[in-house]
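Have the structure open while you read.

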Amino acid sequence: MNFVRKRVIITGAAGLIGTWIAKAFAEKEACLWLLDIRKEELDELIKEDSFGRASEVRIEQIDLLDYEAIQSFAKKVEEAWGAPDIVINNAGVYPSQMLLDVTQEEWEKVLGLNLHAPFTLTKELAKQMILENVQGSIVNIISRSAFVPRLGSGSYAVSKAGLHMLTRSFALELAPHKIRVNSLSPGLTPGSQVNSLSENYIEAMLKNIPLGRTAGPNDAPQAILFLCSEHASFITGATLTVDGGNSAGIFNLPLSNE
């Protein structure tokens, strides 16, 4: 999988999964543009040895809830790089709250960051890719919640279900331009400082994972590298699930004849 000097944009790059994805592309000597609202974390991130292999590293502090900021960023990309080769829409929030308690402001924030921002960024950057005939790849990070909501995560589930359908819709529209759009659904990934998970939650979730472990630093990133590579040149509008079998079915019930 050759990504040398491929121009890669990653949102939510200071987060746990975003960091892993960025390091994976850096190891492949890609050109990186890492986006997050947390600039200090981005500054610290790119000091790590992994990024020494990247052909180029840029960082961008951006509020993805700001539509105009996304448009301005797209123009900056056009001036500095031209069209990107790869876009990873990874930024998101995972609030735990009953729908009856969600305020209008909280609802709009979840939908804004998890769904509206990927729509706007993809739209603006895909236009550049079409103009420059870049036959690139776009990957959206969704969740099992897009298909099976959990109690207390209604707004998150709605946003990820929307992102799943947005992926498929963009895949249809961009296919004539040979731009592939897919989604990846990662498994349970404890360790996020923004979307923290309790020990009780992790323990309960582990009981439903047939392969018996949480996601590690190579699981989602290696799957994304595959989706963005020439090995996946005939894959678009698909969702690759990397969750240890969690989505395969019910795992933790006793056999019916026991």
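The points below go from the overall build to the sheet and the helices against it.

1. Bear in mind that this is a predicted model. The protein holds seven helices and seven strands, and from the N terminus the elements read β-α-β-α-β-α-β-α-β-α-β-α-α-β. Its radius of gyration is 18 Å, close to the 18 Å the globule rule gives for 258 residues, so the protein is as compact as a globular protein of that length.

2. On the box and the surface: the C-alpha atoms fill roughly 65 × 40 × 40 Å along the principal axes. The accessible surface is about 13,000 Å², with 52% of that belonging to carbon and sulfur atoms. Of the 258 residues, 47% count as buried.

3. In what order do the seven strands of the open sheet run? The order is S3-S2-S1-S4-S5-S6-S7, with parallel pairing. Strands S3 (56–61) and S7 (239–242) stand at the edges with a single partner strand each, so one side of each has no neighbour in the sheet. On average, neighbouring strands are turned by 15° against each other, direction ignored.

4. Have a look at S5 (residues 137–141) and S6 (residues 180–186): they run parallel and are joined by five bridges. Here Val139 sits opposite Asn182 in S6. Helix H4 (residues 104–131) packs on the sheet, touching S1 (7–10), S4 (86–89) and S5, and its direction makes about 175° with that of S4.

5. Then there's helix H7 (residues 219–227), which lies across S4, S5, S6 and S7 and runs at about 165° to S6.

6. Last, the contacts: among those between residues at least 6 apart in sequence, 74% join residues at least 24 apart.

Methods. Residues numbered from 1 in each chain as written. Predicted model: local features only at pLDDT ≥ 70, side-chain atom pairs only at ≥ 80, totals over all residues. Heavy atoms only, no water. Pairing = 2+ DSSP bridges. Helix = DSSP H or I, 4+ residues; strand = E, 2+ residues; numbered from the N terminus. Axes fitted to C-alpha atoms, helices over the stretch in contact; angles between N-to-C directions. Contact = heavy atoms within 4.5 Å. Rg over C-alpha atoms; globule rule 2.2 N^0.38 Å. Buried < 20%, exposed > 50% of the residue type's maximum accessible area, 1.4 Å probe, protein only. Areas by Shrake-Rupley, 256 points an atom, 1.4 Å probe, with all protein chains shown as cover.
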